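Me: Please set out the structure below, and then let us go through it by question and answer.

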Amino acid sequence: MAAQPLSPTSTFPSLFCTNTNGVGFYKFGAFLHSHHVSVSSSSSFSMAKPNQSISRLCYSPTHFAKSGNGCSWIQDNSLCHSVAASVERYQGSVCHALPTKPAQVSILEDLFEFICSGPLIEKLGLTPTNVADAIDKWLAYGSYLCRLFKVNEMELTIPQKARFYHYYIPVFFWCEDQISQHHSSFKEGEEIPPLVIGFSAPQGCGKTTLVYALNYLFEVTGRKSAMVSIDDFYLTAEGQAQLRESNPGNALLEYRGNAGSHDLELSVETLTALSKLTKEDEGLKMKVPRYDKSAYSGRGDRADPSTWPEVEGPLTVVLFEGWMLGFKPLPTEAVTAVDPQLEIVNNNMKAYYDAWDKYIGAWIVIKINDPSCVYYWRLQAEIAMREAGKPGMSDEEVRDFVSRYLPAYKAYLPTLYKEGPSGSDPKRLLVVEIDEQRNPILGY
């Protein structure tokens with residue numbers, strides 16, 4: 001959906017203004033080399049000081065961030081730094097003198113066309129006019145993401161531009177719309193709990209990176225959010241050992257992962273407590289559980305509570321992600337046809353709706369065509385962990401580890417993609433189909 005040749009002043013009226021002497025100005029800070037634009041949720045702008053630490057980073061198809069979070073489109077090891085520590089707010093003007101070089105105007109027009117060509121634009125019901133009307137937000141959000149991932153916004157590669165403007169920012173707009181719908185469902189004066197957005201996506205497909213990006217955008221636009229993963233609710237190493245002993249010979253329950261290997265009571269306690277971090281309890285804080293996947297040579301254990309991150313109310317949104325979120329129990333004969341060992345896993349899954357899915361008000365499903373991609377993505381993540389000096393699984397251990405998830409993917413993904421997550425509302429569901437490089441594609 002490429003745009004036609006544009007007139008900057010007519011297509012982008014929100015970016016053009018005139019002073020008392022009739023001299024034109026552009027709100028073009030996001031594309032000036034020496035400044036960053038910041039924007040609040042109410043669209044008021046402020047100017048950020050120059051970030052002197054930004055460096056040029058090149059695209060590498062197989063390189064992962066040292067954090068192991070699946071960030072193959074960028075070479076950086078700082079993804080998982082504290083969001084709060086990286087947020088900088090500065091006040092100032094947003095109008096800059098009209099560029100004297102036509103190339104600077106061309107940059108904006110090219111970006112506009114690039115945004116409109118994204119595979120999610122039509123799916124979200126956006127038009128070129130919608131994009132033009134909100135171009136100031138697109139610029140600001142792009143600038144924020146460049147800051148988060150420490151890339152030079154003047155020298156973005158095509159994969160980096162695609163990840164920001166075709167994926168993360170469109171999804172963020174969708175999340176904002178879902179929050180607005182959530183708020184509108186309450187009467188004036190009623191207490192509004194945070195909206196829980198569920199992200200159901202296979203391992204290694206980049207869901208954690210996506211959630212970090214969205215969390216950062218909420219943070220810098222003045223709204224508090226919390227990140228939670230189903231991984232945070234895995235049984236302790238001791239609990240996993242007990243599960244293994246209770247199911248001798250069942251490879252699907254030998255290690256963490258499948259239904260039955262989670263502390264559902266902890267899930268309920270955490271999600272219930274997060275839902276109570278409203279304006280009524282402004283300033284109230286709580287710690288959110290975390291899981292250490294590197295413990296016990298990659299087999300994992302619950303992290304020490306002293307290391308759990310603290311979140312403070314009032315929360316606007318909870319971003320809840322997991323590889324099996326939204327999976328529905330199936331008839332026994334359907335799962336045993338895939339793998340007889342799935343029978344007990346399927347029975348365990350019956351308790352998961354009340355522990356997880358019923359708390360979720362809006363859903364994002366990241367769809368893949370071939371579950372075998374999970375192995376290659378997981379292998380890349382483990383290699384990155386080892387390169388970072390962290391304990392990680394060997395290649396053969398990764399193959400064995402992923403093989404314990406594949407039966408569930410084969411059994412449950414077709415129903416997830418056909419019917420949506422358990423208890424979901426089709427109007428509150430976004431399906432994003434991605435390719436082997438984790439980029440969104442046109443899905444039908």
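**A loop residue and its surroundings**

Reply: Leaving out residues up to four places away in sequence, T316 touches I179, P194, L195, R223 and K224, where contact means heavy atoms within 4.5 Å. The model is a predicted one, in which local features need pLDDT of at least 70 and side-chain atom pairs count only at pLDDT 80 or more, while totals for chains, interfaces and linings use all residues. Residues are numbered from 1 along each chain as its sequence is written, and side-chain values use heavy atoms, with hydrogens and water left out.

Me: Does T316 count as buried or exposed, and at what relative accessibility?
Reply: T316 is found in the loop between β11 (310-312) and β12 (317-322), with strands (E, at least two residues) and helices (H or I, at least four) taken as DSSP runs numbered from the N terminus. Buried means under 20% relative accessible area, exposed over 50%, and partly exposed in between, with a 1.4 Å probe and protein chains only. T316 therefore counts as buried, its relative accessibility being 15%.

Me: Which residue does a cis peptide bond join to G313?
Reply: The residue in question is found in the loop between β11 and β12. The bond has an omega of about 0 degrees, and the partner of G313 is P314.

Me: Why does L214 count as buried?
Reply: L214 lies in helix α7 (residues 207-220), and, leaving aside neighbours within four places in sequence, L214 is in contact with Y168, V171, F172, C175, F199 and L319. The C-alpha atoms of L214 and I169 are separated by 8.2 Å, although the two are 45 residues apart along the chain. L214 counts as buried because its relative accessibility is 0%.

Me: How many residues apart in sequence are G326 and D357?
Reply: G326 is found in the loop between β12 and α11 (332-336), and G326 is buried, with a relative accessible area of 2%. Not counting residues up to four places away in sequence, G326 touches D357, W363, L416, P421 and S422. The C-alpha atoms of G326 and D357 are 6.3 Å apart in space, and the separation in sequence is 31 residues.

Me: What is the phi of K150?
Reply: K150 is found in the loop between α5 (135-149) and α6, and K150 counts as partly exposed, at 31% relative accessibility. The phi of K150 is positive in a residue other than glycine, with a value near 55 degrees.

Me: What is the positive phi of R438?
Reply: R438 has its place in the segment after β14 (429-433), and R438 is buried, with a relative accessible area of 1%. Although R438 is not a glycine, its phi is positive, at about 70 degrees.
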